Each structure stands twice: as structure tokens, then as C-alpha cells.
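Hello,

Here is the structure for your files. My notes follow below it.

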Amino acid sequence: MQENEYLNIFFAEAKEYIEVLNNGILALENNPEDKETIDAIFRAAHSLKGMAAAMGFEKLTELTHKLENSLDKIREGKIKVKTKFIDLLFQALDNIQYLVKAVEENDGQEPENFDLEALIAELNAYSEENDFEESQVETSETPENIEEFLTKAEKEELAARKKDKEKVYHLKAAVVNEEFKSVRAFMLLKKLDEIGQLFKSEPARNKIENSELDIDELNIIALSWLEKEEFKTEIEAQSSIQLISLDELESSDIKVDTEKESKASTVQKKKVSSFNSSSTVRVDISKLDTLMNMVGELLINKSRLESLDIKKTKFKEIMPQLDRVTMDLHHIVMQIRMVPVGVMFSRFPRMMRDLSNKMNKEIDFVMSGQETELDRSIIDELADPLTHLLRNSIDHGIEKPAARKDAGKDEKGKVELLAYQKGSEIIIEVKDDGAGIKAAVIAQKAVDKGIIEAEEVEQLERRDILDFVFHPGFSTAQEVTDVSGRGVGMDIVRSTVKKLDGQISIDSEPGEGSTFKITLPLTLAISQALMVKIIGDIFAIPLSAVSETLTIETENIKKIRGKDVIVLRETTIPIVSAASIFGSEVQRSFKNSKKDLSVVILKSGERKVGLVVDQLLNQQEIVIKSLGKYLQDTRYISGATIIGDGDVALIIDVRDVVSR
């Protein structure tokens, strides 16, 4: 049991370190000289290596150790960051992800037949080909200015390490003896340890200790409790060492200019974040699901208690308190389940980079709204549909650089992934500035495939024609690639979004680009609903899909193309009978009704329809229950809920009603 707990902690933290590495390597490609990024990904690789070693995963330890070594060479300035090296780092990261996943799926055992030699050989070969000569590194001119010698992070560490009575010295010393230069340099470092502590040296201490270097000059930052003259005397007493300069640094010399650094720091935090411990507790998602179900049951029983309509004073005093506590508990559980979409978005920059390189297309990939929060269960399901849409945006949407140039566009295409909240819904959009979608081509393809008759196409609006893209097996690709074009995927995208109680729409203009818009509820578990009565039974309509309710007189109903419509604020809205949808009777003309009609105006995307119901009841919070896999495809019904009297009320699927 304890071993399983350690494994679970390892998997959770390993995935976080992998995310830091992924984001860090991407940031490193864009800014190879950024020391903070290099330090962040080095620490992540080092920590992951330590965890793997502690758990006894030899192959994972070997690979992360090699990755750590490669990153360390970047830190030391021994190799330059080039595209080929970034590709190798990503290959190493992919293998790390594979190993972690394999261990997780194989009860803590590493795969036996997994060869790392080829990748490690490539990393070694790159390092050897691009390694600077040691003499170039070691005999290069040392920085004259402390600002050039110490990074912001090093200044912060130095300020934190310095004790009240300690002095900080910056000294330069030359090795004057021609023999055993590295040994003589090491003796100086050893002396510094006796009279204080070495903070930084150039060349680095490990190089001096482990190899014979042709060292002519040392540049050193050290801490000591000795006064300057006494410190100088101790250094000058070292044989074969000539002191070139010695300066005592003031507090202002090692103080970070927060005003100057704040802007850069903010940008850096957006680029890559290191894994830091915080006051959080890891909780299995299944436990949160159980907690949500229990809160749902509590809400149901609260509604049942309210429906008893007990007249006693004590009951009336208790119910408001119970209502408040229940609502607070529901709110807290909802907050716990909410996760920023950035958790999911973080996987896409790497994918877009690889695809753009593979297809020889320059892509400017922009993400926004990563802080927008969604229910964790929706986040988990949404990754695959978004992956497919983004892949399509590169393959079908963005043109080749030459074609874009001929069309008067920038050769670099732009793909955007946006998330934002609108009312009680979350909107996620995938945009591109590519070739767009030609409705005429879609319509012709739909006719050729027998999806619709040619004469019917003329009656359809543009948005209805574009919706054929989501039909199973539909594709307009001229050639099949390993990215897309097989006619599979877009129907899965729509069905997945629908399963999440959401909807997807397309807006596209030829030559200007396309926008795929996904609209989702905040959560799948508990929702506000309008309760209505239809042929004697109670139904629930999600409040987010209700535009308004009204009562209309039958003489205000008109006929257009044989369909009943009403005109509401200069907008023509079709109306349908709920009784004809959920009952056995065929819809009769509303003109024959002897009483006014209760109408719920439903909205789905840009469309609206009026649903005529027998009676409008009330608005209440409902706990959404699944119909199960045997009934999940039932048309017009998306789920069920338990109402106050203990009966089951079906939840109307507004999308099916609107598209009827």
C-alpha cells in the first residue's frame, strides 16, 4: 500500500516536471540565451532524475541524467542551442514520457526492450561536434563589470547567503607558474574555503577540480568574515598566484533592480514556470466525483424536503439554513473541480511546432485565456477534439508559404487558440488566417456523397452547408496525409462536444480563414433549469439555453413555407409543439387552440426556436444524471434528474429541438 502511494506521488510529480521541461524547451528555442529558462529546465531534469533514481527506475534515471548533462553544457556555455539540438531534447523528452507512462501502466515495472543507446549516441555526437575548445572558454576575457559576471538569480542567492558580518569580495588572480596550473588554481579555491566560502568562479570549480586546464586567470566572488586587508594578505600568501584586483562589493552592488527586472520577470513567468511546492493536497479525481455525487444527493433531498411544504415554525427556520449550507458546499465543491484550461493548452505548442516543421509551413501559434476555468471532467474529454481541430488548421487551413505570398498574405500563417467565459458558458475558439472553406465545394461534395439532394441544397443557409464538414466520412482533402484527410475525426469532434453537453459551429470566409467555436457548460454535474409540463409530465430545460419565456395569442402565429412562426422584436422565430415531439400526437395547427400558448424561446448557437409547452412551472437547481450507454443516443433527451417528489424528470436536448 505504501509503495503504491509513493508510486502515485512519483507519477503526479513526474508529469509536472515533464510539463516544465516541455514548456521550457519551447521557450529555450525562442530565446536560447535566457539563463532563467535554462536554469528552470535544468532543475526540472535534475529533480526528475533524482526521483527516478530513488524509485529504482534505471532506464529513466539514465535518460534524465543524459538530458541533465546536455542542459548543464548549455548552462556552462559549452554548446550552442540550435534547432537540431532542440529536436534532440524533445526526442529525449518524448522517451521520458513514454517510460513514465509505461511504468504507470505496468505496475511500476520499466519496459524490458527499450533501447536508449541510439538517442544517447546522437546527444553525445551533437555535443562533440558543437563543443567549444576548452582553451577558448577558459582563456576568454573575463567580465570587468559585476553586472556581466552575476546573473539576477545569482545576485538573489548571494544576498540570501550573505550573513550580517560577512564581506563580499570580487577578486581577479593570475596563475604565474607554467606547470600544474589547474592544481595551483585549485589551491587558491581551497584557501578561500578556509577563510570564507567560494560563491562563484570562472573557470567553474568542477572544471578546475576534474581536469588539467590551461588557466591563466581566475575571476572569483567569495564571502569572508575577514576585513579587506587581512583577506588580501591571505590571498597574496599563495605561491604561484598573483592578485590582479580585489574589490569589496557593497549591498547595492548585489541588489536586484526590481523596477528594471519586473517587466522581464513577468514575461519570463508566462514563458516557463519551475515546479515549486505549495500548500496544496493531491486528490484523486474519482474522490472528487464521489464528493460531487454526494452533494448532488444532498441537493435532491433538500428539494424533496421543500416540496413537503411543512407548516411548522421549526421547519421553516431550519430550511433556509440548510439551503445556505447546501449552496455553500456546492459552490466549494464546484471550485475544487474547476481547472484552468491552460493545463490542457500547454500540450499544444509542442505539437504545433512539430507539425509546422513537418509540413514546411511557418506558423505563429497564439494562445489566450489559459486562466479560464472548466470542470475537470470536461477538460479531460476536450483534449482530443482540440488536437484534431488544430491539426486541421495547419493541414487544411494554412496555405504553403508560396501560395500565401501569391495571395498577398504574410508567408507566416497564424493559428489562435482562445478561451473565455460568456455568461454561464465557456467558449473555446480555434482560428486560422488560411484559405477558408468554400461553401460551394462542401455542398457539391455533400451531393456527390448522397448526403443531400441537389435541389435541397438551395434551401439551406451557409452555416447549414458548412455543417456537412461534421458528417461521418466527409472530407474535401485532395490528398491523404498522416496528419488528416481521411474523412474521419470531425464527426468524432462533434459527438464528443455533444457528449459534453456543448455545441460546435463553423464560421469561414474563403481566402480569409476559419473559426471553429465550441460552446460548453461550466460543469456537467449541477445546473440551473426551467421546469415545464408537457402532456402531463415534468421536463427540465437547461437555463443556459433559454432565451426567454412568453405567452402568445394564437392570432399572432403566422405561416411561412408551411411552418408556424412568430415575429418577436422584428425577428422571425419558428415554433414547434413539445407535445408532438414527446407524445404520440401529430402537431396540429396552433390556430385551432382555444387558449393562449406558453412558449419557451430556445437558443442554440445563432439559431432560435419557440417550444410550445403545456405549462411553465419554476426555475430550480437540478442534478444531472446520465441515461446510460443504452439510452445516451436518445433524440431530444440529454439526461435526467430527480425532482422534489422523488419522480424522474427528463432533460430536454435543446440542440436536437432547434435543429429539428
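**Overall figures**

The accessible surface of the protein chain is about 35,700 Å², with 47% of that area on carbon and sulfur atoms. Areas are Shrake-Rupley values with a 1.4 Å probe. This is a predicted model, where local features need pLDDT of at least 70, side-chain atom pairs count only at pLDDT 80 or more, and totals for chains, interfaces and linings use all residues. Residues are numbered from 1 along each chain as its sequence is written, and side-chain values use heavy atoms, without hydrogens and water.

The chain has 660 residues, and 45% count as buried (under 20% relative accessible area, 1.4 Å probe, protein chains only). It holds 24 helices and 22 strands (DSSP runs: H or I of at least four residues, E of at least two).

**Cores**

The largest nonpolar core has 48 residues (buried Ala, Val, Leu, Ile, Met, Phe, Trp, Tyr and Cys joined through side-chain atoms within 4.5 Å). Leu386 and Ile428 have the most contacts inside it. Helix α17 (residues 376-397) gives the most to this core: eight residues. Beyond its neighbours within four places in sequence, Leu386 is in contact (heavy atoms within 4.5 Å) with residues including Met344, Phe348, Ile428 and Ile518. A second, separate core of 44 residues includes Ala14 and Leu93.

**Sheet**

Six bridges join β14 to β18 (residues 597-604), and the two run antiparallel. Glu548 stands opposite Ile601 in β18.

Best wishes

Technical notes:
Two strands pair if DSSP finds at least two bridges between them. Buried means under 20% relative accessible area, exposed over 50%, partly exposed in between (1.4 Å probe, protein chains only).
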